[in-house]
Amino acid sequence: MPDSPVRRPTTTDIRAAKDVREPLACLTCYTAQMARAIDEHVDLILVGDSLGMTIYGFDTTLPVTLDMMVAHGQAVVRSTRSTFVVVDLPFGSYEASEEQAFRSSSRILAETGAQAVKLEGGVEVAQTVRFLVDRGIPVMAHVGLMPQRIQALGGFRAQGRTPETALAVIRDAEAVAAAGAFAVVVEAVPVDTGKRVTEAVPIPTIGIGAGPHCDGQILVIHDALGLFPAFTPRFVKRYAELGAAMSDAAAQYAAEVRSRTFPAPEHTFKAAGGVANPAPRDP
Ligand code: KIV
């Protein structure tokens with residue numbers, strides 16, 4: 001019997017998470033094999049521009065291009081059946097104008113098959129969010145710590161820690177929600193700020209380092225699996241140590257090659273009908 005069809009959630013399903021008690025479980029993911037492994041377990045996959053750091057080894061997300069996002073978005077959509085997939089708009093692909101944002105977003109949706117795009121910003125991008133949503137592009141926003149503004153912020157620092165900056169994060173979330181975003185990522189803010197943002201907006205808040213009151217949680221998958229040794233933010237819980245497991249496996253492989261214990265007989269082919277002698281060479 002053919003597999004029963006699996007329906008991916010829609011933006012309506014994601015929005016409905018605001019009204020239920022169970023938070024949305026979200027992870028970033030960038031590659032086919034990892035996407036296959038997590039597809040049945042999470043509600044939403046973000047093909048985040050964090051891939052610049054986790055996959056490509058850059059220090060920031062700034063060098064990430066639209067072509068990279070499209071290629072990784074395609075790999076993830078191709079390898080999943082039941083998860084809502086969002087692809088990040090990278091730095092420089094949407095800030096110049098609403099038209100630029102539409103061109104980049106429509107390319108992502110058309111070429112990857114993802115369900116939505118994500119962009120960073122609050123009050124200042126609300127008009128762009130409205131422009132995209134009015135033209136059929138589902139948008140997830142991202143407030144609080146915005147990694148694409150790392151040069152202006154002077155580092156990966158928690159936001160919304162004073163009464164004034166907490167209010168600014170809330171105003172940002174309200175602005176993108178009013179502009180039509182279906183969900184908003186809230187990154188690196190104190191627990192109380194995460195709670196106030198969640199109470200202030202009618203759309204799901206997806207927290208990363210924003211405390212337990214958000215309507216969903218997201219982690220960068222390389223952080224969660226112990227695959228990103230450069231640094232581990234305070235808000236990350238490591239659910240596996242795959243980096244150490246990979247290093248151990250490579251060390252064991254190299255030792256077995258050098259000691260000729262690999263390949264063993266079970267890893268070799270047997271010739272069918274014996275080995276033919278080489279033809280004598282011409283004198
Ligand atoms: O790019 C990314 O992975 C993100 C997450 C940190 C939410 O934006």
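## Where α8 touches α9

Let's start with a contact: from helix α8, Ala166, Leu167, Val169, Ile170, Ala173 and Glu174 meet Thr193, Arg196, Val197 and Ala200 of α9 (contact means heavy atoms within 4.5 Å). By class, that contact of α8 with α9 splits into 7 nonpolar, 1 polar and 2 charged residues. Here Ala, Val, Leu, Ile, Met, Phe, Trp, Tyr, Cys and Pro count as nonpolar, Asp, Glu, Lys and Arg as charged, and the others, Gly among them, as polar.

## A word on the model

This is a predicted model, where local features need pLDDT of at least 70 and side-chain atom pairs count only at pLDDT 80 or more, while totals for chains, interfaces and linings use all residues. Residues are numbered from 1 along each chain as its sequence is written, and side-chain values use heavy atoms, leaving out hydrogens and water.

## How α8 and α9 line up

Helix α8 covers residues 163-178 and helix α9 residues 191-200; their axes cross at roughly 30° and come within 9 Å. So α8 and α9 are roughly parallel to each other (angles under 35 degrees count as roughly parallel, over 145 as roughly antiparallel, 65 to 115 as roughly perpendicular and the rest as oblique).

## The α5 and α6 pair

Now for helix α5 (residues 98-112) and helix α6 (residues 126-134): they pack at about 50°, with axes 9 Å apart. That makes α5 oblique to α6.

Which residues of α5 meet α6? They are Glu98, Glu99, Ala101, Phe102 and Ser105, and on the α6 side you'll find Gln127, Thr128, Phe131 and Leu132. This contact of α5 with α6 has 4 nonpolar, 3 polar and 2 charged residues.

Terms used:
Axes fitted to C-alpha atoms, helices over the stretch in contact; angles between N-to-C directions. Helix = DSSP H or I, 4+ residues; strand = E, 2+ residues; numbered from the N terminus.
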